[in-house]
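Colleague: I would like to learn how to read the local features of a model such as this one, taking them one at a time. Could you give me the general idea for each, and then the case at hand?

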Amino acid sequence: MDASLIGLIAFAAVLGMLALRAPIGFTLASVATVATFFIFAFRSGSFAPERAIRATTSMVFSNSFDLIHSYDLSMIPLFIALGHIAYKADITTRIYYAARVWLSAVPGGVAMASVVGCGGFSAITGSSIACASTMGRICTPEMLRMGYDNRLATASVAAGGTLGSLIPPSVLFIIYGIFTETSINRLFVAGILPGLLTLAGFLLVIFLWVKRDPAAAPVDPGRISYGDRFRAAAMAWPAFVLFLVIIGGIYGGIFTATEAAGVCLSAAALIGLAQRKLSLKDIWDAIRDTCLQTSSIFLIAAGAKIFVAFVALTGVAPAIVDVVTQAELSVFWLMFAIAVIYLMLGMFLDPIGIMVLTLPLVVPLVETYGLDLIWFGVVVIKLLEIGLITPPVGLNVFVIANVVGKDAPIDRIFAGIARFLTVDVIVLILIMSFPVISLLLPNSMW
């Protein structure tokens, strides 16, 4: 049996199992293992299973072992632990409260503060879903009590939560860097300007929304002095310090991303203990939650690594490259096709699953066209970011829906999301059309 045919059957099997909601890690590993067995068994032309067992097990275990012992992968549990520790030490939430105080008199100020809080939370945790869940519990009930339109109250947090994908540190950037063998340091820095551009766009959406419909966001009647504002900003200093260590250290060449994660994790724990915001029970809970999340991500990554090795055996990727090359597609149509594929998959699959499923096929195409993999990484993460709030399976939307319950039906949340999606699409077009937005900072790194 031809290896390419086995590869196509395997892709169909993966999509079928994912449609049935089978776990992505198990799906990739099991299908790749079985399909690899058949490739080796049919290598001589006839079916010889005894010759395939050793080769298959060697491929599966060696790829899993190499991935789990990757130095770069060690930053994932460090950044996840940093997010949990920073949240339990009340470091991340102070960003929201500082923005809440400064923007209290602005129409839509609490919604704007929630987006700013999500951006700050993202700059420490690196997880979009965790950001949406945490900030949703803090911000959304307050806005609903104040009389905010439930579309604005929920959509602003759901959209703001996606900033965790783009603003460094980002777990998705780490996985992309590992599987494409690109610099994670440069990827982190490349996400800064697109992330800030998206943040500014979300704030503009809220401003225009409230300007057109003032009743959607009542003004907070309380008067806050400048002294209170500066005190609120001063209380958020730990978050700013952690962000400067991560970004400044990486950009200035002082730390690798892994070293920055370790330094910030230690600093966050010491700050929390010194301020008596962090107990031993909090630390234990953070470690437990980190282990659970890390195990899930590592299982997916291991399954993906096995699947990538299988794809290399099939020769499907070179075949796709040959077909596209012969079709003489322009860069525009290539990127348009990739964007459509990612947006369609984003309606049904989670971001990590989409990435590990598609990268083995699209990266060879991008390299053939001579496109920059750092820039392409930002484009991919932006597409995955959009998928987090795209119906029918926008994960961030469902997270917020679980937080607010009956106060905002899911169709109302999606109705509000439409305005923020417009900004996402505009930013996507800008970073695809002007790669300098993504490459300016990484190209100026030490």
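Colleague: Where do Glu 385 and Lys 382 lie, and how many residues apart are they?

Modeller: Bear in mind throughout that this is a predicted model. Both Glu 385 and Lys 382 belong to helix H20, three residues apart, which is about one turn of the helix. Their side chains form a salt bridge, with the closest N and O atoms 2.5 Å apart, and a salt bridge is counted here when such a nitrogen is within 4 Å of a carboxyl oxygen.

Colleague: Are these two residues buried or exposed?

Modeller: The word buried is kept for residues under 20% relative accessible area. Glu 385 counts as buried because its relative accessibility is 0%, and Lys 382 is likewise buried, because its relative accessible area is 0%.

Colleague: How should I look for empty space in a model?

Modeller: Rolling a probe the size of a water molecule over the atoms shows where empty space is left. The second largest pocket in this model holds about 380 Å³ of space. Its lining consists of 19 residues, and those closest to its centre are Ile 95, Val 116, Gly 119, Gly 120 and Phe 240. Helix H5 (93-102), helix H6 (109-125), helix H12 (192-212) and helix H14 (237-251) each give two or more residues to this lining. By class, the lining of that pocket divides into 17 nonpolar residues, two polar and no charged.

Colleague: How many cavities of 30 Å³ or more are there, and which residues lie nearest the centre of the largest cavity?

Modeller: The count is one cavity of 30 Å³ or more. About 40 Å³ of space lies in the largest cavity, which is lined by 10 residues, with Gly 346, Leu 349, Pro 351, Gly 387 and Leu 388 nearest its centre. Helix H19 (351-368) and helix H20 (373-387) are the elements that give two or more residues to that lining, and the lining of the largest cavity has seven nonpolar, two polar and one charged residues.

Colleague: Which residues form the nonpolar patch on the surface?

Modeller: The patch is formed by Leu 197, Ile 426, Leu 430, Phe 434, Val 436 and Leu 440, with about 520 Å² of accessible area together. Helix H22 (410-433) and helix H23 (436-443) each supply at least two of its residues. Phe 434 lies in the loop between H22 and H23, and Phe 434 counts as partly exposed because its relative accessibility is 47%.

Colleague: What should I look for in the backbone itself?

Modeller: The peptide bond from Pro 168 to Pro 169 is cis, with omega near 0 degrees, and Pro 169 is found in the loop between helix H9 (163-166) and helix H10 (171-180). Asp 90, which is not a glycine, has a positive phi near 65 degrees; Asp 90 is placed in the loop between helix H4 (75-88) and H5. Glu 181 also has a positive phi, of about 60 degrees, without being a glycine, and Glu 181 lies in the loop between H10 and helix H11 (184-190).

Colleague: Are Asp 90 and Glu 181 buried, partly exposed or exposed?

Modeller: Asp 90 is partly exposed, with a relative accessible area of 26%, whereas Glu 181 is exposed, at 74%.

Note on methods. Residues numbered from 1 in each chain as written. Predicted model: local features only at pLDDT ≥ 70, side-chain atom pairs only at ≥ 80, totals over all residues. Heavy atoms only, no water. Patch = residues over 30% accessible without salt bridge, like charges linked within 9 Å, V, L, I, M, F, W, Y side chains within 5 Å. Areas by Shrake-Rupley, 256 points an atom, 1.4 Å probe, with all protein chains shown as cover. Helix = DSSP H or I, 4+ residues; strand = E, 2+ residues; numbered from the N terminus. Buried < 20%, exposed > 50% of the residue type's maximum accessible area, 1.4 Å probe, protein only. 1 Å grid on protein atoms, 1.4 Å probe; cavity = no way out; pocket = protein on both sides within 12 Å on 5 of 7 lines; lining within 4 Å. Points joined across faces, edges and corners; volume = space filled by probe spheres on them. Nonpolar A, V, L, I, M, F, W, Y, C, P; charged D, E, K, R; others polar.
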